[in-house]
Amino acid sequence: MAFNSISEFIQMGNHGAYVWSTYALCLIVLSGLVVQTLLHGRKQRRQLKSRIQREQKS
Amino acid sequence: MTLSSFFKAELLTLFRRKQSIFNALIFFVMVVTLFPLGVDPSPDFLAPAAGGIIWCAIALAILMSVESLFKEDYNDGSLEQWLVSGHSVSVLVLLKVFAQWLMVVIPLVLALPFLSKMLFLASELIPVMLVSVLVGSPALFLIGAIGAALTVSLRGGAVLMLLLILPLYIPVIIFATGAVRAAQLEMPFTGQLAILGAISLLALAISPLMAAISIKASVS
Amino acid sequence: MTLSSFFKAELLTLFRRKQSIFNALIFFVMVVTLFPLGVDPSPDFLAPAAGGIIWCAIALAILMSVESLFKEDYNDGSLEQWLVSGHSVSVLVLLKVFAQWLMVVIPLVLALPFLSKMLFLASELIPVMLVSVLVGSPALFLIGAIGAALTVSLRGGAVLMLLLILPLYIPVIIFATGAVRAAQLEMPFTGQLAILGAISLLALAISPLMAAISIKASVS
Amino acid sequence: MNWTWFHKLGSPKWFFQWADRWGKVCFWFGTVLLIVGVIWGLGFAPQDYQQGNSFRIIYIHVPAAVLAQSCYLAMGIAGFVALVWQMKLAPVFIKAVAPVGAVMAFISLVSGAIWGKPTWGTWWVWDARLTSVLVLFLLYMGVIAIQNTLDDLQLADKAVAVISIVGVINLPIIKYSVEWWNTLHQPATFKLTEKPAMPVEMWLPLLFSALGLYLFAAGVSMWRMQNEVLVRERRANWVKEEVMKRGV
Amino acid sequence: MQAVTTLCVENLWLERGDRDLCRGLSFSLQGGQVARIIGENGAGKSSLLKYLVGTLSAVEGSVAFNGEDISAHRDVLIQDLLYIGHTPGVKSVFTVAENLKLYAPHSSNQELEYALTQVSLDAYWDTPAAQLSAGQKRRVALARLWLTQKPVWLLDEPFTALDVSGVEVLEQRIKDHVITGGIVVLTTHQPLHSLNPVTIELAS
Amino acid sequence: MQAVTTLCVENLWLERGDRDLCRGLSFSLQGGQVARIIGENGAGKSSLLKYLVGTLSAVEGSVAFNGEDISAHRDVLIQDLLYIGHTPGVKSVFTVAENLKLYAPHSSNQELEYALTQVSLDAYWDTPAAQLSAGQKRRVALARLWLTQKPVWLLDEPFTALDVSGVEVLEQRIKDHVITGGIVVLTTHQPLHSLNPVTIELAS
Ligand code: HEM
Ligand SMILES: Nc1ncnc2c1ncn2[C@@H]1O[C@H](COP(=O)(O)OP(=O)(O)OP(=O)(O)O)[C@@H](O)[C@H]1O
Ligand SMILES: Nc1ncnc2c1ncn2[C@@H]1O[C@H](COP(=O)(O)OP(=O)(O)OP(=O)(O)O)[C@@H](O)[C@H]1O
Ligand SMILES: [Mg+2]
Ligand SMILES: [Mg+2]
């Protein structure tokens, strides 16, 4: 561990705000990408399914 | 065709086609970014020049967006329909220019603060800049509309017309940048803005009539 | 249709219509005169910025003249005839771009020395400027042609294409102004010119193919 | 050379089944690597003697920057394949990867901008590398927007392929911008031919997070491609079976 | 009841470039009549319509509408006139419905739907005009005829690009219109089936 | 003597948007035949011609020209083909003669004059196409038919805007062409007088 204590780790010698905000943003954006991918996929499958069911009926 | 259906349709066309709106915006952004890249990115150079650069960019963007204002209406026969609509062609021209102004100037005005910041224009000057754009841009549109109407059916002669219209842009730009520069030097600038407003009003009175005459002459 | 009749017809259209040629020239002259007027007319400001201003003006003028390169051919059905002419569409694109380049760049190049003087660009730099224009402008035309081909049939999407093509202008402008600036500082500038030439050659290889593909996709 | 794999890849059905298996593997393995790399870098790598702790942004900045470029390069190649061999999957690939690349470019821009504040004293400068990365981001946005707005699928696919190919010219500009222009930005620390100037404890976590992000992006892209394949092949029987089989 | 609509042209001399299109042409139409201008390609049929509309000026001659001389100002006529030329002002960025709404803003959606059904475009309500076939584009322009109250119609080659059933529907609409006292002036090179027009001949 | 020209389409499935224009369409033409595509407005006649020309791709199907399958590349066909669509590529800034010269650069002035006389445009040699009437513009495009050697003609509504004598002259030219072994595929909504075409029907 490069830091002596947790608070030092959080502070990162005055640069904490920069570093942590970067990583927080990163986490948000990357998880957003994954969530969007999964949700979009699910929506498309649902649409396809109802479409196919409609076709089979008619 | 009623005036309101016409105006709505104009807005809708602009919205659908987006081309002229975005072209203007992109053009504007491009000029503003090219300058630091192409000339000199240092604040010492950019800050004093910012007002001029932004106004030149705006004038060029507007010129580009009005240049073919009536072209499509001419090609698809809409201009002919204007003449048989029972409305005064001047009013239709005015509405069209107004729609174009709304759709082009609003994005420009929204982008303006950011781009001004990028060119290191002092924050106090941004309101002056905005006011000068709002007051001066109608003149550019209206003058441009005359040129566009004259050039709509002409081949060859068109160039001359443009050549005649463009010099009329120069006073507008001079007064507008003059206002911004005066504000930069903490001198009074309302005089320049008033002149700008006067030019716009004059253009408002003359341009729709002139454009209507040109359109009637072009469609036959 | 043979290639030579096609090329002759292209030159003739440009000559007849004059619009795009003169538009580009007027645009160029306007940018170059607006700057001293709008920003600062002193030689101290203009001389170092001259290279950048002129190149920005050229880029904008060229952009404006290529933007609707294929529009009329699309509307009057000529593009469809290209596809059934038996010639490679790439070659036709190349010829068209070449004709446009000739008719637009020659007037620009003729006007260049005067306008450079107006911006107090040192006389020794004018040849560098000229060479940079001759070497760099083909890239701008060729890149623009891709954008024009992609946007020819699109509504709404058109803007995006322009947005995509424009960033590609930036490197050309950076290298061209870099060359002029280097010459101004009496540093070697052949490197930048060589890169410019390389970009133009690359564009020459890629652009007609890409434009042809886009045209084929647009005409249906 | 045996080209069957190439042709197999061209078959949407085969790809779908292949991606079903490998997508998950890539994604989870990549996520773990990325987390390990980042925690290592944040907590255990030594402090930089010049920049202090702000340099720890590097563990996401550089991987994201590298990936943003790689994604575009891949799109350029796919564009070429799409135009030359008319392979069905190539436009699908472009469409799927563009948002991933856009996210990476975004991260690299934002992390760079944040990093710039403590080190250069400003968020943004008109520097060639920064501008060219911005251009890269805009290219991604353009590709995404085209795919979303054009209703003529064939035209959209062609347009996107063309843009992907043409935009590749931006990549060498990003790469060499630090050498061609004297800029604020750091020149390359990793070169294939030389030993890195950084100590091992610093670059090893970087390697981890970079590899992790690569695999993560590959996994996500495969999922996106699967979605797209289903929609495009909706008339095929195997898609009907596939969709009906899985309860949604 | 309102007086019968009349449209009279006296001693008309039209010129285009150096070519005389007509000289001393006179005719007079009244409500209930269909007039067909005949003449070869380039004889001046479209020019004559443009003169009536007022976008082309004549060397000599006068027009009277409902007995009033309107040679100098077409305003009175224009209030009562519907003109569909070679390029009928159909906007390709607009959908079919939007195109109709532009020219018939007061019509309700039912009325628009009725008009579109008449020209068999009801399935294309939301299609951009750019994606229509040549004949369908023409039909968009012609749908206005089912939405208008104007008594005088000037139609320049309305049957162009229409298929057989389209021609039939349009002829029927024209017949219905003149029965209620309207005037229709049209040009066409195709034979007419159910109409029995007055002819105005332009010799060249 | 050269072998007879043939043009065969097998099992064609054309789609536009989500609409099927034709499915399982097959026909086969050979030198000497005039084929007329019939169908309502929007049935897909123009689209079929565009498919033959190669600017529109099909979902399924193949074309063979002179026995050779050209589904993937139209090059062979295009060498032998003349296509005049709805918008025939007449440049309005060019004069009539310049317009012809663009497409028939090897023709001498006599030949151009001959072609223009055929379409009654000999008096308009130096007139810019912008100043022509609708039918005259169409004639400029059609004058190419008197200057070409290509065996296969694809004509999309060639009779539009033509007057009666224009239609006659054009029909005669088409007859002359097929007699010498050419193939003509055309679409039109007007009745034909002297031609006796094979019909290709597009049901919608
Ligand atoms: C918005 C601003 C920034 C952008 C767009 C940006 C972009 C990039 C890019 C594209 C790379 C190249 C990765 C590669 O291909 O090897 C890179 C690497 C790097 N950046 Fe930045 N950067 C920015 C700001 C910064 C700042 C402020 C710093 C620190 C002072 C920095 C430090 C580095 C370092 C150390 C590398 C690794 C160099 C290498 O190994 O190639 N960057 N950045
Ligand atoms: N550019 C386009 N994009 C999408 N769909 C189109 C496009 N052009 C035509 N269509 C559609 O394709 C169908 C066939 O059009 P096409 O032009 O082939 O018809 P056509 O038989 O030639 O009709 P017409 O007799 O009116 O000329 C129409 O339903 C039309 O809506
Ligand atoms: N814009 C114009 N400028 C000058 N002359 C024109 C113009 N338009 C048409 N003409 C000329 O006027 C004459 C009549 O044209 P007009 O369009 O009225 O003919 P038309 O009878 O409608 O023919 P068509 O049957 O081909 O539609 C033609 O000889 C044409 O050359
Ligand atoms: Mg006419
Ligand atoms: Mg058709």
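Which residues of H5(F) are buried? In this predicted model, the buried residues of H5(F) are Gly135(F), Gln136(F), Arg138(F), Arg139(F), Val140(F), Ala141(F) and Leu142(F).

**Helix H5 of chain F**

- Helix H5 of chain F spans residues 134-142, and because 7 of its 9 residues are buried, the helix is largely enclosed by the rest of the structure.
- The buried residues of H5(F) pack against several elements of chain F, namely S6, H3, strand S7 (152-156) and helix H6 (164-179).

**Ligand 3, between chains E and F**

- Ligand 3 lies between chains E and F, and of the 21 residues around this ligand, those that come nearest are Lys45(E), Ser46(E), Ser47(E), Ser133(F) and Gly135(F).
- On the chain E side, a polar backbone atom of Ala43(E) is 3.3 Å from an oxygen atom of ligand 3.
- On the chain F side, a polar side-chain atom of Tyr124(F) lies 3.2 Å from an oxygen atom of ligand 3, and a backbone N or O atom of Gln131(F) lies 3.0 Å from an oxygen atom of the ligand.
- Taken alone, ligand 3 exposes 630 Å², of which the protein buries 88%.

**Ligand 2, between chains E and F**

- Ligand 2 likewise lies between chains E and F, and of the 20 residues around it, Ser133(E), Gly135(E), Lys45(F), Ser46(F) and Ser47(F) come nearest.
- Chain E provides a backbone N or O atom of Gln131(E) that lies 2.9 Å from an oxygen atom of ligand 2, while an N or O atom in the side chain of Ser133(E) is 2.5 Å from an oxygen atom of the ligand.

**Magnesium ions in chains E and F**

- The magnesium ion that is ligand 5 is coordinated by Ser46(F), through OG, and by His86(F), through NE2, at 1.9 to 2.5 Å.
- Because Ser46(F) lies in helix H1 (residues 45-53) of chain F and His86(F) in the loop between strand S6 (81-84) and helix H3 (96-103), the pair ties together parts of chain F that are 40 residues apart in sequence.
- Ser46(F) has 18% relative accessibility and therefore counts as buried, whereas His86(F), with a relative accessible area of 32%, is partly exposed.
- The magnesium ion that is ligand 4 is coordinated by Ser46(E) (OG) and His86(E) (NE2), at 1.9 to 2.5 Å.
- Ser46(E) belongs to helix H1 (residues 45-53) of chain E and His86(E) to the loop between strand S6 (81-84) and helix H3 (96-103), so this pair ties together parts of chain E that are 40 residues apart in sequence.
- Ser46(E) counts as buried at 17% relative accessibility, and His86(E) is partly exposed at 32%.

**Annotated segments of chains B and D**

- For chain B, an unreviewed UniProt entry lists residues 21-39, 45-70, 91-114, 126-152, 159-180 and 192-215 under "transmembrane region".
- In the model, residues 91-114 of chain B are 100% helix and 0% strand, with the end C-alpha atoms 35 Å apart, and residues 192-215 of chain B are also 100% helix and 0% strand, with the end C-alpha atoms 33 Å apart.
- Ser90(B) lies in helix H6 (residues 89-118) of chain B and counts as buried at 15% relative accessibility.
- Leaving aside residues up to four places away in sequence, Ser90(B) touches Pro208(B), Leu209(B) and Ala212(B).
- For chain D, an unreviewed UniProt entry lists residues 25-45, 57-85, 92-116, 128-147, 159-178 and 202-225 under "transmembrane region".
- Residues 128-147 of chain D are 100% helix and 0% strand in the model, with the end C-alpha atoms 29 Å apart, while residues 159-178 of chain D are 90% helix and 0% strand, with the end C-alpha atoms 31 Å apart.

Notes. Residues are numbered from 1 along each chain as its sequence is written. Chains are lettered from A and ligands numbered from 1 in the order in which they are written. This is a predicted model: local features need pLDDT of at least 70, side-chain atom pairs count only at pLDDT 80 or more; totals for chains, interfaces and linings use all residues. Side-chain values use heavy atoms; hydrogens and water are left out. Donors are N, O and S atoms within 2.8 Å of the metal (3.2 Å for Na, K and Ca); water is not among the atoms, so sites may look incomplete. Helices (H or I, at least four residues) and strands (E, at least two) are DSSP runs, numbered from the N terminus. Buried means under 20% relative accessible area, exposed over 50%, partly exposed in between (1.4 Å probe, protein chains only). UniProt positions are given in the numbering used here, feature names are shortened, and annotations may be inferred rather than shown by experiment. Contact means heavy atoms within 4.5 Å. A residue is near a molecule or strand if one of its heavy atoms lies within 4 Å of it. A polar contact is a pair of N or O atoms within 3.5 Å; within protein, one must be able to donate a hydrogen and the other to accept it, and residues adjacent in sequence count only if both atoms are side-chain atoms. Accessible areas come from the Shrake-Rupley method with a 1.4 Å probe; for residues, only the protein chains shown count as cover.
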